[in-house]
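Open the model in your viewer and keep the selection tool ready. This tour goes stop by stop: what to select, then what is there.

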Amino acid sequence: MDSDYEDPMEVEDQDEQGMGICFSTPLWMQRRQFIRQIIDENKATSVIDYGCGEAALTSILIGETWQDHQIRRIACVDIDLDCVTTAASECQPQEYDLGDGLRVHDLTIDLYQGSVSEADQRLLGYDALACAEVVEHLHLEVLDGFWKTVLGGYSPRLVIVTTPNAEFNVNFPQLMYGTPDSTFRHWDHKFEWTRKQFEDWCCSAAQEYGYSASFTGVGRLPNQDPAVGYCTQIAVLKKTHFTPLANIDARPYTLHSSIEYPVYGTVHSAQETLFFLHETIGHLRPRLPKPEDPREHWNYFEEPDYSEHVHPKQEEESVVLGRLEMEYLWSSNQVRQHCRSRSSMVQILKTSSLVLVDVEQDLVTFDDGDLFWKECDDRYDAARTEEDEKFKEEEVEEITEESHESDDDEYYDVQGVDVDVTYSEAVDGWTGTSTWGEELNTEATGWGSRAWDQPSESWGDSWSAIPP
């Protein structure tokens, strides 16, 4: 941002909640999702986050979509060095961006410290520019040069600008909108425009630089007066004709950091990809409902009650076998990694002897009674059983470790199965022999809890008692 303050997109949403306004979907989420939607609809592959703050918007732009066109370059610009430093940290690849989550297409994020009042040669050629909740924080001398820099300098084919709608402030009694004592939503706002003021500002620039302008917004309240509009007003400007890039030689911005996301680099043959698609279809395809496995609901401290776990009756007619939506298949990140494009996936599926591609219905159809799909089920069930066993072993280890941990050195634990172990009133404690062969004879009360005993593969007890 062009002054030293907290990220306004976050602070203003907190202020709106503090003034008694609560949207069913948080306003910040509505704004960012709308911007991402417009960018995707216009197939932009490079975006400038102008006045990025702490990368709140960029964090929404990073994720890959199911479309063939993806955002490949993002430039973040903010004058506040602390904000840019935080943004650089927030934009780093996370754990879910690795392994099975590796991107199909490359992504580079360049973070710059600089003012929105200056144009930098390195930002030429980007498809889109988004400026979310920024302009109301700009001093007039900076605002006057905004469109010259954005439309006349960078000249992206798509520009999205959001700002508060002053007319909506009637819903904030504390702001006393329309009175001589009226105030703004945020302490750093230099102004808050009505819809006409905002539209006039945008339309004038659009006409000058060859853009069309449309207006909408996000943030409505139930039963509100529709005449006051949205809480956040949004302008979408689109270039109406081609213009050559401006001749900008200056580089006033300071490059803070550049982040490159790891991508899936393995190249698969068409045969390997088709085999993987068959396996994935076998896993994702519709199946008739099966009785519920009560083991999935076991509490490791309670023996399962099979009588309580009966699968509810389902209408089998509602399950259509032998067909799968291609959109569902393409939603798998691993499928996208193997095929790289949706059109490639379709072409490879057309070579299959097991499935048919219905392009008009966007479906993959097949004979669900084919032996291949039964073998897929067997492989999947075997893999799931192995995963369940591994999970159970890890849970048992965790429970066992916890049962042997105590903050008091006077306590000790003994674990066994409920076999030949009874509570003795004579010694006021547990007596007997555990399955593991440990003798129990404590002259003190203790507590017991159910636990799974791996050696005996049965449910047992874990005791902690004060020694005599």
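**Stop 1: a covered helix**

Select helix H6, residues 146-154. Seven of its nine residues are buried, which leaves this helix mostly covered. Buried means under 20% relative accessible area, exposed means over 50%, and partly exposed lies in between (1.4 Å probe, protein chains only). Helices (H or I, at least four residues) and strands (E, at least two) are DSSP runs, numbered from the N terminus. Now colour the buried residues of H6: Phe 146, Trp 147, Thr 149, Val 150, Leu 151, Gly 153 and Tyr 154. Step just past H6 to Ser 155, where phi is positive, about 50°.

A word on the model before moving on. It is predicted: local features need pLDDT of at least 70, side-chain atom pairs count only at pLDDT 80 or more, and totals for chains, interfaces and linings use all residues. Residues are numbered from 1 along each chain as its sequence is written, and side-chain values use heavy atoms, with hydrogens and water left out.

**Stop 2: an enclosed strand**

Select strand E1, residues 46-50. Is it enclosed or open? Five of its five residues are buried, so E1 is largely enclosed by the rest of the structure. Show the side chains. Ser 46, Ile 48 and Tyr 50 point one way, while Val 47 and Asp 49 point the other way.

Two strands pair if DSSP finds at least two bridges between them. Look for Tyr 50 opposite Val 77 of E2.

**Stop 3: a three-stranded sheet**

Select the open sheet with strand order E9-E11-E10, paired antiparallel. Its edges are E9 (323-325) and E10 (355-358), each pairing on one side only. Three bridges link E9 to E11, residues 363-366. One place to look is Arg 323, whose bridge partner in E11 is Thr 365.

**Stop 4: two crossing helices**

Select helix H8 (residues 270-284) and helix H11 (residues 342-349). Their axes come within 10 Å and cross at roughly 90°. Axes are lines fitted to C-alpha atoms, for helices over the stretch in contact, and angles run from 0 to 180 degrees between N-to-C directions. Last, show the contact (heavy atoms within 4.5 Å). H8 brings Ala 270, Thr 273, Leu 274, Leu 277 and Ile 281, and H11 brings Met 345, Ile 348 and Leu 349.
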